[in-house]
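Here's a quick tour for anyone meeting this structure for the first time. Have a look at the model below, then read on.

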Amino acid sequence: MNDTAALRDLLLRMADDELIIAHRNSEWTGLGPIMEEDIAFSSIAQDKLGHSLGLYRILESLGGAEPDAVAFGRSEGEFRCCQLVEYPIGGYDFSLMRHFLHDTAELLRYEMLERSSFEPLARLATKIKGEIKYHLFHANTWIAQLGARGSEESHARMQSALNEVFPLALGIFEPSDYETELAAEGIFPGEAALRGKWLETIAVTLEKGTLILPSLDAVTPAYGGRKGYHTEHLKPLLDEMTEVFRIDPSAEW
Amino acid sequence: MYGNLSVIDAQPLDPNQVDDPELLAEFEARIARGEKIEPHDWMPREYRRQLIRMIEQHAHSEIIGALPEGTWITRAPGFRRKMALIAKVQDEIGHGQLLYSAAETLGKSREDMIADLISGKSKYSNVFNYPAETWADTAVIAWLIDAGAIINQVANSKGSYGPYCRALERICQEESFHLKYGYDNVVTLATGTPKQREMVQEALNRWWKPIMHFHGPPDTVSVHTEKLTRWKVKMASNDEMRQEFLNAYVPKIWDLGLTVPDPNLRKNPETGVWEFSDPDWAEFKRVINGDGPCNRERLAVRRMAEEQGRWVREALRKPDMKYVTPLS
């Protein structure tokens, strides 16, 4: 059994998700619908960058390259993020719904990982969980406000965003090749278990927002990201993200 | 980040409405004693009008100032810089939020102020009408523009209007971190590879003129502000602030082996005054009147953000809500 490969795969999926969603969230800085939302999305982006850095550091301790080289030096096909995080920010409705669906999964994942047999990850999970709690508080408040207490337009927009984002969000739980090993080793209980908890949890908030989850049977999960198959949005994102770094990757910036 | 009161409201007030001379004398005596004026205190109409104008311009400068640097967040090289730049630009938006609240205590709502920004009726600091062409431009902005802003803001924090002073004290604390970040970034580039050095020198060359414009036109041509000085609305003259800036930062620029693109820049050893070439005040005037490299783009971005976010703001409003002026 190759549990280091399993562990690396898990860490990379998580780290890449955090990096790319942080990058997308940071694009709201200066452009939010109200200034308070600029500030909120900026804060969330900083936290998530920090999470990805923590995960890349664990990867480094397992023999990987240093975090800047991993984040800024890989090509698109080497990324293991889910496709959900790659999409452009779109409107505030799209970004908020993605933030809600992604961060609910994220919080539940780190709650599970707190009990991981791999201690460095368990320790990091406790720290990260404490921060995501606030991200989710933010997301839940807005989902309820714009869904149930806002205007007809805001309700319609959030429902339409949910319909659009739900299949993409299911891509978070794309099974890996290592599900059995990870569960057997007590590292991570598995994507299927996480997905089950996630569906139960999002249902509660969506109900508060009077939003209706599309039927699972009617949608196709956006898989592929975990195997290196990405949407057309990832490459331009990476080109932009690494534009300055690439001027001289060996230089100190 | 904000340079100076670049445009004062020169329209005369209605001559039929004159401030009560007794109240005015009492108001001026309070200011002379160093007391702060608070939102519910009596104040001359002209004081209120010029303060709204000034705080509003300052707030606009913060949120428009977020744009040239903000476009580099997605391109910042490496984790450290990316996190720091997001945090810095976030601070600037936070300053905008604080300042709009301070201006609201004088009776103009944030919505009205933003509407006046977008329509072009109210101004913001001229420097943000210039583009940040490379990563090095963001380093120069964070160091030298923020440094210039601190000089202005520290002076204004000793002014007479309580809510503005308190907002400025907090803003200056945060700006001092921006300055450290900017300086660290410039030092890294100036002591880095030949390419990095070239980048930062070119950025400095591009930004020198806007930096020289930052504190506003020379005192000899700037609008008469005696009353605003007495009322502690305007706390330092444009030339005084520019001299303070040159005195503190030109030596640091030279220490890094960078050059300033003005062959006439020197400190006169006899007078102790910095001398420099005319930084093209005609261009300053042109840009402030809307014809700079980025005026249209900046307002277009702000307008787009406002329009696209309208449905969110409307969804927050309840039918029975009414506007309440914040206290402080």
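A residue counts as buried here if 20 or more other C-beta atoms lie within 10 Å of its own. By that count, 45% of the 328 residues of chain B are buried. Keep in mind that this is a predicted model. The points below take the chains one by one, then the place where they meet, and then a few local details.

**Chain A**
- Chain A is built from nine helices and zero strands.
- Of its 253 residues, 50% count as buried.
- The C-alpha trace of chain A spans about 55 × 45 × 30 Å along its principal axes.
- A compact globule of 253 residues would have a radius of gyration near 18 Å, and chain A agrees with its 18 Å.
- Among contacts in chain A with a separation of 6 or more, 76% are between residues 24 or more positions apart.

**Chain B**
- Chain B has twelve helices and two strands.
- Reading from the N terminus, the order of elements is α-α-α-α-α-α-α-α-α-β-β-α-α-α.
- The radius of gyration of chain B is 20 Å, close to the 20 Å from the globule rule for 328 residues, so chain B is as compact as a globular protein of that length.
- Its C-alpha trace spans about 65 × 60 × 35 Å along the principal axes.
- For contacts in chain B with a separation of 6 or more, residues 24 or more positions apart make up 80%.

**Where the chains meet**
- On one side 42 residues of chain A take part, in contact with 35 residues of chain B.
- The elements of chain A that give two or more residues to this side are α1 (3-26), α2 (35-61), α3 (67-73), α5 (119-149), α6 (152-170) and α9 (234-241).
- α2(A) gives the most, with ten residues.
- By class, the side of chain A that touches chain B has 19 nonpolar, 13 polar and ten charged residues.

**The nonpolar core**
- In soluble globular proteins, nonpolar side chains tend to be buried together.
- The largest nonpolar core here has 156 residues, and L51(B), I55(B), A103(B), A139(B), V140(B) and V200(B) touch the most other members.
- Leaving aside residues up to four places away in sequence, V140(B) touches V186(B), V200(B), A203(B), L204(B) and W207(B).

- Which residues of α11(B) are buried? They are N295(B), R298(B), R302(B) and A305(B).
- Seen down the helix axis, these buried residues fall within an arc of 115°, so they line one face of α11(B).
- An α-helix has 3.6 residues a turn, so residues three or four places apart point the same way.
- The buried residues of α11(B) pack against α2 (45-70), α4 (110-119) and α10 (281-291) of chain B.
- Turned away from that buried side, the exposed residues are A300(B), M304(B) and E307(B).

**Two residues with positive phi**
- Most residues other than glycine have a negative phi.
- K232(B) isn't a glycine, yet its phi is positive, about 55°.
- You'll find K232(B) in the loop between α8 (226-230) and α9 (238-255) of chain B, and it is partly exposed, with 19 other C-beta atoms within 10 Å.
- D280(B), also a residue other than glycine, has a positive phi near 70°.
- D280(B) sits in the loop between β2 (274-275) and α10 of chain B, and with 13 C-beta neighbours inside 10 Å it counts as partly exposed.

Terms used. Residues numbered from 1 in each chain as written. Chains lettered and ligands numbered in written order. Buried ≥ 20, exposed ≤ 12 C-beta atoms within 10 Å, placed from the backbone. Helix = DSSP H or I, 4+ residues; strand = E, 2+ residues; numbered from the N terminus. Arc of directions from axis to C-beta. Contact = placed C-beta atoms within 7 Å. Rg over C-alpha atoms; globule rule 2.2 N^0.38 Å. Nonpolar A, V, L, I, M, F, W, Y, C, P; charged D, E, K, R; others polar. Core = buried A, V, L, I, M, F, W, Y, C linked by C-beta atoms within 7 Å.
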